[in-house]
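User: I am new to this structure. Please take me through it in short questions and answers.

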Amino acid sequence: MSSHSSVARWVSMTAPFLMLIAVSLLSACGHPKQARVTVPPPPPVAPKTETPAGPASTAKSPPEKKATAPEPGAEADLAEPVIAADAKPLETETGLASWYGPPYHNRRGSNGELYNMHAMTAAHRTFPLGSVVRVTNIKTGNAALVRITDRGPFIPGRIVDLSLAAARKIDVWQPGVAEVKVELMQSGATPGAPGKWAVQIGGMPNEKSAAKLADHLTRRYHTANVLRFKSPAGDWWIRVRVLDDDHERAQKLAAETTSPEGAVFLVRLD
């Protein structure tokens, strides 16, 4: 056998062993590239039911609308008074109605309450405070029930001053003044009560005129309590309280008193 044949035979016999050794060495010392394996994403985590409190929470959610409960009796105070279906008028008069809002809104009225021009109320000079009155616009026929909470109007020819809400309901708001029928449906006074009466004079444009008339009335009626005050509208008024707030004394004083400025009114205080 020739030397070339011997070598070829040796190579063919040892080749598999050499290959095995080479693979082992490469596996131990080499750095082959890692195969790319597609791994499925983890399952989504269920959201927690608790919401983190405080500034740590970064989630933005639309602001909640907080339900504000009305104050007890707030809606009832704005509602129209209710009377018995078979109620009959105790007294009736006709004349001009006006209305008043700012600057009297949220100021204390004659009954001690803050005047709310959005409530169904009115001012009257002689009906007892707390009375319920039906006011009817003679031209349109629209009517409303109102509660007497204040005194006025102190303008000759006018018999009732309505709140803004009442004026809107019976079509007095836009014209400002309208002819009405006023019916006393429910009196706020105790039956048989004499009432407390006074005389109110005004309005005068300046304090000097009011002070001069007040001094004159104080000297003339020694037993009377003469007060002068400024109204929210800016004019000046005088109120004369006679002895015991008696109706006849107040009526007599009103009849014999004149004023170069303003007018004289008999007014009930309670």
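Predicted model: local features only at pLDDT ≥ 70, side-chain atom pairs only at ≥ 80, totals over all residues.

User: In which loop does Pro153 sit?

Analyst: Gly152 and Pro153 are joined by a cis peptide bond, with omega about -5°. Most peptide bonds are trans. Pro153 is placed in the loop between E4 and E5.

User: Where is Pro103 placed?

Analyst: From Pro102 to Pro103 the peptide bond is cis, and omega is near 5°. The location of Pro103 is the loop between E1 and strand E2 (121-123).

User: How do the strands of the barrel follow one another?

Analyst: The barrel is closed by 6 strands with mixed pairing. On average, neighbouring strands of this sheet are turned by 45° against each other, direction ignored. The order is E1-E5-E2-E4-E3-E6.

User: Which residue in E6 is the bridge partner of Thr94?

Analyst: Strand E1 (residues 91-99) and strand E6 (residues 178-186) run antiparallel and are joined by 7 bridges. Strands of a sheet pair through backbone hydrogen bonds. The E6 partner of Thr94 is Lys181.

User: Which are the edge strands of the open sheet?

Analyst: The open sheet has 4 strands in the order E8-E9-E7-E10, paired antiparallel. An edge strand pairs on one side only, and here the two are E8 and strand E10 (263-268).

User: What is the average twist from one strand to the next in the sheet E8-E9-E7-E10?

Analyst: Its 4 strands form an open sheet with antiparallel pairing. From one strand to the next, the twist averages 25°.

User: Which residue stands opposite Trp237?

Analyst: Strand E7 (residues 197-204) and E9 are antiparallel over 5 bridges. Met204 faces Trp236 in E9. Opposite Trp237 in E9 stands Gly202.

User: How many aromatic pairs are there, and why is Tyr100 with Tyr104 classed as it is?

Analyst: Rings pair if their centres lie within 6.5 Å, and planes over 60 degrees apart count as edge-to-face. The count comes to 4 aromatic pairs. For Tyr100 and Tyr104 the ring centres are 5.7 Å apart and the planes stand at 75°, so this pair is edge-to-face.

User: Is Tyr100 buried or exposed?

Analyst: Buried means under 20% relative accessible area. Tyr104, at 29%, is partly exposed. Tyr100 has 7%, so Tyr100 is buried.

User: How far apart in sequence are the parts tied together by Phe154 and Trp237?

Analyst: Phe154 and Trp237 make a tilted aromatic pair, 5.3 Å centre to centre with 55° between the planes. Phe154 is in the loop between strand E4 (143-150) and strand E5 (158-162), Trp237 is in strand E9 (residues 236-241), so the parts tied together are apart in sequence by 83 residues.

User: Which residues lie nearest the centre of the largest pocket?

Analyst: The largest pocket holds about 600 Å³ of space. E1, E5, strand E8 (225-230) and E9 each give its lining at least two residues. The lining counts 27 residues, and nearest the centre lie Tyr104, Arg151, Phe154, Ser231 and Pro232.

User: Over which ring does the charged end of Arg168 sit?

Analyst: The distance from the charged end to the ring centre is 4.0 Å. The ring belongs to Trp173.

User: Is Asp245 buried or exposed?

Analyst: Asp245 is not a glycine, yet has a positive phi of about 55°. Asp245 is located in the loop between E9 and helix H5 (247-255). With a relative accessible area of 12%, Asp245 is buried.

User: What phi does Asp171 have?

Analyst: Asp171 belongs to the loop between helix H3 (164-169) and E6. Its relative accessibility is 32%, so Asp171 is partly exposed. Most residues other than glycine have a negative phi. Asp171 has a positive phi of about 65°.

Conventions. Residues numbered from 1 in each chain as written. Heavy atoms only, no water. Phe/Tyr/Trp six-rings, centres within 6.5 Å; stacked < 30°, edge-to-face > 60°. Buried < 20%, exposed > 50% of the residue type's maximum accessible area, 1.4 Å probe, protein only. Lys NZ or Arg CZ within 6 Å of the ring centre and 35° of its normal. Pairing = 2+ DSSP bridges. Axes fitted to C-alpha atoms, helices over the stretch in contact; angles between N-to-C directions. 1 Å grid on protein atoms, 1.4 Å probe; cavity = no way out; pocket = protein on both sides within 12 Å on 5 of 7 lines; lining within 4 Å. Points joined across faces, edges and corners; volume = space filled by probe spheres on them.
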